[in-house]
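Student: I have a model open and want to learn how to read a single residue in it. Can we start with one position and then widen the view?

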Amino acid sequence: VTKPAGVVNGDVLVAVALSDGAAVTPPAGWSGITGGGALNMYYKTAASEPANYTWTTSANNIISAIISAYSGATGVVDKSNVTGSGSSTTPTAVAITTTNNNEMIVWAAANGVITDETTDSCPSAMTKRQDIEASYFDGFVNQYTHLWLGDAVLAIAGLTNSTFNNGSSTPSHTWAASILSLIPAITSNIVTIPLGTLTLQALIP
């Protein structure tokens, strides 16, 4: 995955990686917030970053990854949850309770289906940063995976509600969802996204 343009030392990088069943190993230097399943989140503070990053899987598999870059955060994750999973049209992250005003909430969801998905969205308070699809033929049918990420600032510290937790995805199928919050460098300030988002999808031979 190519480093987002404009990243400078001190910026915070948040990545989400999806593998269709195989364990995922992040690049060196990334801290993982993992749920033991196919969807995992990672973060790091930028410090003389390389031009690109490589995620690997434990088996021949399809893998997708998104990196989003943030300015004005401490590099400390306040709260996180990656335990949200189910089968419905509402991918839902488990709520978190933030400690500080103006924390950046980063939300991601993924699914795997045997039909090409028609619609997916982030929680209503959030801006979707990226949405990617990967597909492969398993010898019987085409398999599709979707991965998408969004974010928003939670102005007042407290419990995230459905506008930060609940996305949507049609048709109904199995999903996983995760969420984390980034502490602002100065708690009266707001974490911003001046840099952009990069994505990767590849079939690992």
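Student: Where is Ala-185 found?

Tutor: This is a predicted model. Ala-185 lies in the loop that links β13 (173-184) to β14.

Student: Is Ala-185 buried or exposed?

Tutor: Exposed means over 50% relative accessible area. Ala-185 has 52% relative accessibility, so Ala-185 counts as exposed.

Student: Which residues does Ala-185 touch, leaving aside those up to four places away in sequence?

Tutor: Contact means heavy atoms within 4.5 Å. Ala-185 touches Gly-72, Ala-73 and Thr-74.

Student: How far apart are Ala-185 and Ser-71 in sequence and in space?

Tutor: They are 114 residues apart in sequence. C-alpha to C-alpha, the distance is 9.1 Å.

Student: What share of the contacts in the protein chain joins residues 24 or more positions apart?

Tutor: Count the contacts with a separation of 6 or more: such pairs account for 81% of them.

Student: How many helices and strands does the protein chain have?

Tutor: One helix and 14 strands. Of its 205 residues, 47% count as buried. The accessible surface comes to about 8,500 Å², and carbon and sulfur atoms hold 53% of that.

Student: Which elements have the lowest and the highest mean pLDDT?

Tutor: pLDDT is the predictor's confidence in each residue, from 0 to 100. Strand β14 (residues 197-203) is lowest, at 48. Helix α1 (residues 162-165) is highest, at 94. The chain averages 83, and 83% of the residues score at least 70.

Student: Where does pLDDT stay under 50?

Tutor: Over residues 201-205. The model has 15 contacts for them beyond four places in sequence.

Notes:
Residues are numbered from 1 along each chain as its sequence is written. This is a predicted model: local features need pLDDT of at least 70, side-chain atom pairs count only at pLDDT 80 or more; totals for chains, interfaces and linings use all residues. Side-chain values use heavy atoms; hydrogens and water are left out. Helices (H or I, at least four residues) and strands (E, at least two) are DSSP runs, numbered from the N terminus. Buried means under 20% relative accessible area, exposed over 50%, partly exposed in between (1.4 Å probe, protein chains only). Accessible areas come from the Shrake-Rupley method with a 1.4 Å probe; for residues, only the protein chains shown count as cover.
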